[in-house]
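Let us walk through this structure step by step. Keep the picture in view as you read.

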Amino acid sequence: MSQEISTDLWEYIIANDQLPPTQTDLVKQGWHTWLNNQRQWRPPEGNRKCALLLGSPDDPLFEEFVKRASELEIEVFIATRLEDLELTVTIEGGKPAVQILYINDTLGRTKWDLIINRYNYYLSDRLTEFQRCEQTALLWSALALTASPVISRPSISGPMPGSDFAQVVKSLENSAWTVAGILSSNPSDFPHTFSLGSNDHPISHKLAGEIASFFIIADRYLFLFEPSDKDFWEPHCASLVELFIPLEITFALCFAVKYLDIPRLVWLTPWPEFQFAKYGANEISEVLLNRFFT
Amino acid sequence: MKILCIGTDLDKTYRHTIKSLVKAGFSVEKVDLFSLLINGKILTDFSCRNSTLILDGRAAELKDFDAIFARSFDIAAEAPNSNLATTTRRSYYSLMLALRVQRHQKIIGRTNDLSNLSKLFHCANLIPILSKFGIEVVDSCVTNSVYQGSRFVSRRMPHCIIKGASAFKTSTQVVTANHLRRLPHIVRTPTLFQSQITGPDVRVHAIGNATIGELIISSSVDYRFSCEKKHREVSLPPCISECCSLLTQTLDSALLGIDFKIDIETGKWYFLEANSMPAYHGYDIRSGGLISDAIIQFFKN
């Protein structure tokens with residue numbers, strides 16, 4: 001039989017769910033996963049909630065979430081490489097659809113009660129630049145379009161950290177907030193994480209020690225750490241919460257100059273990094289996970 | 001009229017644009033993209049929505065220019081070491097951010113939509129607009145699953161094409177037995193599969209409210225890499241022009257290069273993608289400078 005695969009062959013495979021005996025080993029290998037998956041798949045059982053955690057084992061924040069999630073009465077699936085997941089985004093008949101499968105989940109779950117996304121370059125450091133672009137494109141599309149709740153979900157403005165900030169700058173134009181400065185992005189954590197800017201940034205220096213900070217989880221959970229006069233800050237925080245509602249449950253971390261009448265937004269990120277260590281990853285991860293699993 | 005141009009002379013479209021702007025009598029100040037990203041600084045004052053570019057001891061404030069033309073891209077991937085990669089990527093983000101928040105109305109090279117870094121997500125987000133104008137999106141699937149890839153392809157063989165999922169430049173090919181043998185590779189290299197639409201390609205350049213179309217007839221599945229192709233100026237149906245103009249507004253992108261396919265049997269228009277930094281010099285030369293003229297008008301008005 002020729003190496004060429006004809007339409008007839010595809011029809012044969014669909015009809016019989018197996019390859020014709022004359023096909024080459026190479027083709028068989030290509031079909032192995034499909035046939036195997038079909039044999040293994042069973043409908044999901046029980047009502048146990050499930051969380052999918054995508055991140056790196058050397059990431060303390062990710063580990064904190066893994067630890068906390070493991071203490072809950074839920075199924076936890078940990079993906080440390082994109083290859084641990086089977087991701088598919090389709091548009092058929094003008095309708096987009098997403099499927100996110102954990103590769104070793106024999107129940108073949110596609111509905112997640114929570115997805116925590118801490119994907120970064122470190123998870124794909126063995127890949128070529130091209131592979132990395134393609135993986136990012138796939139992961140980013142899947143997380144942006146999935147119906148499951150995602151922390152953090154990529155937004156329309158793209159996997160470029162600054163673009164979210166730019167949207168916020170525009171959004172705040174007619175509000176009580178002004179924007180005091182910008183801190184540069186950290187490419188090693190592309191696409192979702194900022195670092196606290198370049199050390200030589202004059203605004204960073206100026207604001208050091210003069211800032212308040214708080215976390216917002218955009219579905220109205222708010223962690224306010226400083227300053228103590230909550231009465232002053234809370235109305236402003238509420239307006240920020242409104243602003244971030246379209247971002248679903250993305251975190252926002254804001255700094256504001258304490259002594260000015262007008263609150264000044266300096267920085268925000270879906271993943272506050274070192275601030276977690278400072279202000280208590282325990283508390284935040286606990287509240288966050290409880291939000292979804294209790 | 002004073003225009004700030006940011007780009008690299010290695011880029012044909014950039015060179016072409018500079019020439020046409022100078023020819024039209026604009027005062028052009030050029031900033032080399034590589035020098036700016038490697039050695040320069042971009043400082044943004046958010047309170048007055050203005051940025052300063054500092055390079056070689058000179059400072060240029062964006063607000064001092066009447067308009068900005070930028071063709072900027074991330075050069076970090078090819079940096080010789082990680083320090084330079086970090087510096088240049090940081091500068092790139094700063095530049096994009098500076099363009100996004102600048103008060104100028106006349107900027108070519110900014111967009112609030114970077115989602116064409118993923119072709120499929122880009123399409124998915126534009127479906128509500130496209131469908132208003134009766135424009136369809138081609139059935140598509142991007143996956144790292146051999147099963148899902150096989151399933152999508154098998155339903156469409158032999159009329160299925162394969163291409164890259166991201167903005168990385170790849171050639172489009174018809175799926176063959178050779179591709180199928182290599183299907184397991186998609187586990188590490190996700191791939192975009194698409195129903196093949198047979199018929200001419202149309203590239204529309206939308207600049208503000210102006211739209212310029214070109215029809216491309218080629219026997220090859222990817223006309224860009226074909227020697228045998230015919231280009232023809234095409235008069236766009238009003239709904240296509242209207243849709244393209246609306247896309248520029250929606251994406252806050254003054255210039256877009258929008259790709260369509262027309263099904264030769266049904267005459268239906270299918271949207272493929274909208275590029276916010278299109279390489280348009282070839283199309284412009286063939287059209288006798290219509291795109292350049294539209295850009296000049298955009299800046300003048």
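How many helices and strands are there in chain A? Chain A has nine helices and 11 strands. Keep in mind that this is a predicted model.

Stay with chain A for a moment. The chain has 294 residues, and 54% of them count as buried, meaning under 20% relative accessible area. Now look at its contacts. Take those with a separation of 6 or more: 63% of them come from residues 24 or more positions apart. Chain A exposes about 13,000 Å². Carbon and sulfur atoms supply 52% of that area.

Next, move to chain B and its sheets. Strands of a sheet pair through backbone hydrogen bonds, either parallel or antiparallel.

Begin with the sheet of three strands. In what order do its strands stand? In chain B the order is β3-β4-β5, the sheet is open, and the pairing is antiparallel. Two strands of chain B stand at the edges: β3 (41–45) and β5 (58–61). Each has a single partner strand, so one side of each is left without a neighbour in the sheet. From one strand to the next, the twist averages 20°.

Zoom in on one pair. Strand β4 of chain B covers residues 50–55, and five bridges join this strand to β3(B). The two run antiparallel. Find D45(B): this residue stands opposite N50(B) in β4(B). A helix also belongs in this view. Helix α3 of chain B, residues 82–101, lies across β3 and β4 of chain B. The helix runs at about 35° to β3(B).

Now find the sheet of six strands, also in chain B. Its order is β8-β17-β16-β13-β14-β15. This sheet is open too, and its pairing is mixed. Which strands are at the edges? They are β8 (136–137) and β15 (229–234) of chain B, and each pairs on one side only.

Look further into this sheet. Strands β13 (residues 201–207) and β16 (residues 255–262) of chain B pair in the antiparallel sense, over seven bridges. Within that pairing, V202(B) has F260(B) in β16(B) as its bridge partner.

Two helices complete the tour. Helix α9 of chain B, residues 290–300, packs on the sheet and touches β13, β14 (210–218), β15 and β16 of chain B. Its direction makes about 20° with that of β13(B). Helix α4 of chain B, residues 119–132, lies across β8 and β17 (269–275) of chain B. Helix α4(B) runs at about 120° to β17(B).

Terms used:
Residues numbered from 1 in each chain as written. Chains lettered and ligands numbered in written order. Predicted model: local features only at pLDDT ≥ 70, side-chain atom pairs only at ≥ 80, totals over all residues. Heavy atoms only, no water. Pairing = 2+ DSSP bridges. Helix = DSSP H or I, 4+ residues; strand = E, 2+ residues; numbered from the N terminus. Axes fitted to C-alpha atoms, helices over the stretch in contact; angles between N-to-C directions. Contact = heavy atoms within 4.5 Å. Buried < 20%, exposed > 50% of the residue type's maximum accessible area, 1.4 Å probe, protein only. Areas by Shrake-Rupley, 256 points an atom, 1.4 Å probe, with all protein chains shown as cover.
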